[in-house]
Amino acid sequence: MKKFFTRLKVFCPYLFLILIPVLNFYLLEWYTHNPFTTMKFYIQVMNILLFEFSALFLFAVTGRVSRALGIQTVCCALYGLANYFVYEFRGAPIQPWDILSVGTAASVADNYEYKLDRTAVIVLICFALLLLLEFFLRSGFRGPIPSLKKRRAKGSAPAPEAFSGKKIWIARLLLAAVTGLLCFGYTKMLHNETFVQTKLRLYDKLFTPTTIQFKNGTVTAFLMELQYISVEKPSGYDADEAAALLASYGPESAEETESTETKKPNIIVIMNEAFSDPAVLGEFSTNEDYMPFVHSLQAGAENTVSGYLNVSVKGGNTANTEFEYLTGNTMAFLPYGSIPYQQYIKEELPSMASWLSSLGYHTVAMHPYRAGGWDRDTVYPLLGFDEMHFEEFFKDSQKVRKYVSDLGDYEKIVRIYEEKEPGEPLFLFNVTMQNHSSYSDWNDYPNFSPDITVEGTDSKLLPAYLSLMKLSDQAIEALVNYFAAQEEETIIVFFGDHQPTDSVVNPVLKLHGKTASELTEQEEALRYKVPFFIWANFDIGEATDVETSANYLASRTLEAAGLSKPGYFSFLSGLSETVPVISANHALLPDGTFTTAEEQQTLLSDYQKLQYYLLFD
């Protein structure tokens, strides 16, 4: 019996080398979902094998079971925790491209409230217990097996740890090579689309990253998405043909043709942080209208085009909405979660700013926060902006909570307008900051107190958010009234970059008996709708209930201003008649058909080729 327990003590750690990777896998998944209900059994086995391979690889590298398991457990615990918070804040898990956004994420990390639900707390406790167990496993790997000492002394078979020097290193190198190749092979297997679809039958819809994670496993989903860090050429793409197609729609700068502009109104574009109307998700009652001015414009105001803008992000990734507006490109053709500002824009790129600059406009970009956020200070000059202003420009501006208020922000717009040369046309693109999350910390600041109440819910986040919308509504009304009194013709374009995180709007869904995880595709699409309007202090054609997307809005702006358009925007104006809405999440056809860009490749083939040509060739 003593001999049995001696052997058990020695070999027990090796049993844990097999068992603990299984536990690490399930605990990692359990942060955000129950893998037993979302993942098929054979997919669970696939993921477990990957965890076993990685544990054996770490064992070969470190030479100790305890160290190998400790490294894997810590990585799973920390990555899972980070993924949990990212999912909570933006409604989608970590993507490979988020690695490029670490700097921006760190700059706004203190804006969020970090809370763990009961399940996450239990998972963390389990990880801590595993680490404690792994610490005590060290004792099983010192010296030869006691029961075999005598056998070794008699010239019998050596103990497992009696092998020394060269043989041990050869064994470790072989084990590292084999398990490393298995991990690499697993990843390459996931990058074979045909094999993934026909043999593995994994879920592969990139535009629904949460579903990919829940169905395929957190690590497997991440590895699947790695292949999309670089964008492949569209089927049938030829650079010369794309250039000829683009040229057929017109020039890309006014220098290429004679300018026939008879008037050049000022164009002020305001992309308002997290501005949205949660009523698109379902009606609810408040003590007062939280955006009466915007609602009045949407009801049919003079010289106003209004409606809803379909964007490609929610809860975050602001830069992608401004990318779609300024360039006319769509995130539908790029990997979900990618950030073009950080990944793809490395040289000059045609945009709304560069076009207007070629028409003689002075182009200004403004954002009352850090210059390095989303690499704006690097990207804006490449898009054609002549002048940039960031947080230093707003040092004397009033704040709401800790952010520059919309009213303070717009005062700077007025200042730039008043200081410019009379008659010099101005294009100003402004990204606000007032409404940035979190919406639970207002008690920490004496300059803001929610005054909107919502019937039927005890949520503190929704009333705070709606109260911020009210302030934004008042600020934009003041700006419109200012320019209504100006002689120079001016257009104001206003839209939100995205809706807030799920935690803010979940009470609205709950009032209608729904949860965020139970929405249909059409209902989920409502989470990507934000109000927009184009207002002018001169006669333009009015329109209401316009349903469009961010990639089309710049061309609509030029139309409202009575300006000529570059060839690419002319192409987009025509395409908008065929596919009125295109985003990373869905598309709409003129008859109201709900679809996706992936399902409309025939209709969108030229668009995809032109976008690839402009971005990458």
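Trainee: Which strand is Asp545 found in?
Mentor: Asp545 sits in strand E10, residues 543-549. Keep in mind that this is a predicted model.
Trainee: What's up with the phi of Asp545?
Mentor: Asp545 isn't a glycine, yet its phi is positive, about 55 degrees.
Trainee: And is Asp545 buried or exposed?
Mentor: Exposed, because its relative accessible area is 69% and the cut-off for exposed is over 50%.
Trainee: Okay, how about Arg401, where does that lie?
Mentor: Arg401 is in the loop between strand E5 (399-400) and strand E6 (403-404). Arg401 also has a positive phi, about 60 degrees, without being a glycine.
Trainee: Why does Arg401 count as buried?
Mentor: Because its relative accessibility is 4%, and buried means under 20%.
Trainee: Switching topic: how many residues of strand E1 are buried?
Mentor: Seven of its seven, across residues 266-272. Both faces are covered, with Ile268 among the buried residues on one side and Val269 among those on the other.
Trainee: Which strands do bridges join to E1?
Mentor: E8 (residues 490-496) runs parallel to E1, with seven bridges between them, and Ile268 has Ile492 as its bridge partner there. E7 (residues 426-431) is parallel to E1 too, joined by five bridges, and Val269 stands opposite Phe429.
Trainee: Last one: which residues does the cis peptide bond join?
Mentor: Ser437 and Ser438, with omega at about 10 degrees. Ser438 lies in the loop between E7 and helix H19 (461-484).

Definitions and conventions
Residues are numbered from 1 along each chain as its sequence is written. This is a predicted model: local features need pLDDT of at least 70, side-chain atom pairs count only at pLDDT 80 or more; totals for chains, interfaces and linings use all residues. Side-chain values use heavy atoms; hydrogens and water are left out. Buried means under 20% relative accessible area, exposed over 50%, partly exposed in between (1.4 Å probe, protein chains only). Helices (H or I, at least four residues) and strands (E, at least two) are DSSP runs, numbered from the N terminus. Two strands pair if DSSP finds at least two bridges between them.
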